[in-house]
Amino acid sequence: MIVSQPFSIQRSVRVVAWLAMLVLLALPVAAANLKLEAKLIWGTNEPKSSNPAHKPVEQEVADKLRKVFKWKNYFIVNRVEGTVSSRGSNRFVLSDKCTVEITELEGPKVEIKLIGEGKEVHKATKGLAKGEWFTYAGDDKNDTAWFVIIRQLD
């Protein structure tokens, strides 16, 4: 006598579907590349930069910097866009004396290395999300300062 099991095919399909879903969930998800902008900014109380190629920063950025720092005017020395691959690194050369190396970490976090005149001068880990930015700053000669702003682009 043959006993039929009418739902055995359906059960098999369900088991296969569950196994397939578990396998897909176990696969690592490929993270997208980070598109970043790095800006080197000079802060001063002078109304104009000594270099005519330096343009004032955007009003929104200047307003935020003025809330924290003492300088009245901020000028863009250089602006660089680039990408950092998932769990990779990239260097953003902002001037002959200033380079930023950015490594994408699990998070969303990045490791930042500030390199001045070829030597690492600062290293930090920061959280970074689209549209957000953070700043590193240091004093310069003649009561001026330099700033590096890192921002994740969309």
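Two rings of Phe, Tyr or Trp (for Trp, its six-membered ring) count as a pair if their centres lie within 6.5 Å, and planes over 60 degrees apart make the pair edge-to-face. With that in hand, a search of the whole structure turns up 5 aromatic pairs. Keep in mind that what you're looking at is a predicted model.

**The overall picture**

Let's step back to the whole chain. The protein chain has 2 helices and 9 strands, and from the N terminus on they run α-β-β-α-β-β-β-β-β-β-β. Of its 154 residues, 34% are buried. The accessible surface comes to about 10500 Å², and 55% of that belongs to carbon and sulfur atoms. Among contacts with a separation of 6 or more, 46% are between residues 24 or more positions apart.

**The sheet and its helix**

Which strands form the open sheet, and in what order? There are 5 of them, in the order β2-β3-β1-β9-β8, and the pairing is antiparallel. Strands β2 (55-56) and β8 (133-140) stand at the edges with a single partner strand each, so one side of each has no neighbour in the sheet. Further in, strand β1 (residues 34-44) is joined to β9 by 8 bridges, and the two run antiparallel. One spot to look for is Leu-40, whose bridge partner in β9 is Val-148. Helix α2 packs on this sheet and touches β1, β3, β8 and β9. The direction of α2 makes about 110° with that of β3.

**Back to the rings**

A pair of aromatic rings is described by the distance of the centres and the angle of the planes. Here are two of the pairs:

| Ring pair | Centre distance | Plane angle | Type |
|---|---|---|---|
| Trp-71 and Phe-147 | 6.1 Å | 80° | edge-to-face |
| Phe-134 and Tyr-136 | 5.8 Å | 90° | edge-to-face |

Why does the pair of Trp-71 and Phe-147 tie together parts that are 76 residues apart in sequence? Trp-71 lies in the loop between α2 (59-68) and β3 (73-84), whereas Phe-147 lies in strand β9 (residues 144-152), so the pair links those two parts. Both Trp-71 and Phe-147 are buried.

Are Phe-134 and Tyr-136 buried or exposed? Phe-134 is buried, and Tyr-136 is too.

Definitions and conventions: Residues numbered from 1 in each chain as written. Predicted model: local features only at pLDDT ≥ 70, side-chain atom pairs only at ≥ 80, totals over all residues. Heavy atoms only, no water. Helix = DSSP H or I, 4+ residues; strand = E, 2+ residues; numbered from the N terminus. Buried < 20%, exposed > 50% of the residue type's maximum accessible area, 1.4 Å probe, protein only. Contact = heavy atoms within 4.5 Å. Areas by Shrake-Rupley, 256 points an atom, 1.4 Å probe, with all protein chains shown as cover. Phe/Tyr/Trp six-rings, centres within 6.5 Å; stacked < 30°, edge-to-face > 60°. Pairing = 2+ DSSP bridges. Axes fitted to C-alpha atoms, helices over the stretch in contact; angles between N-to-C directions.
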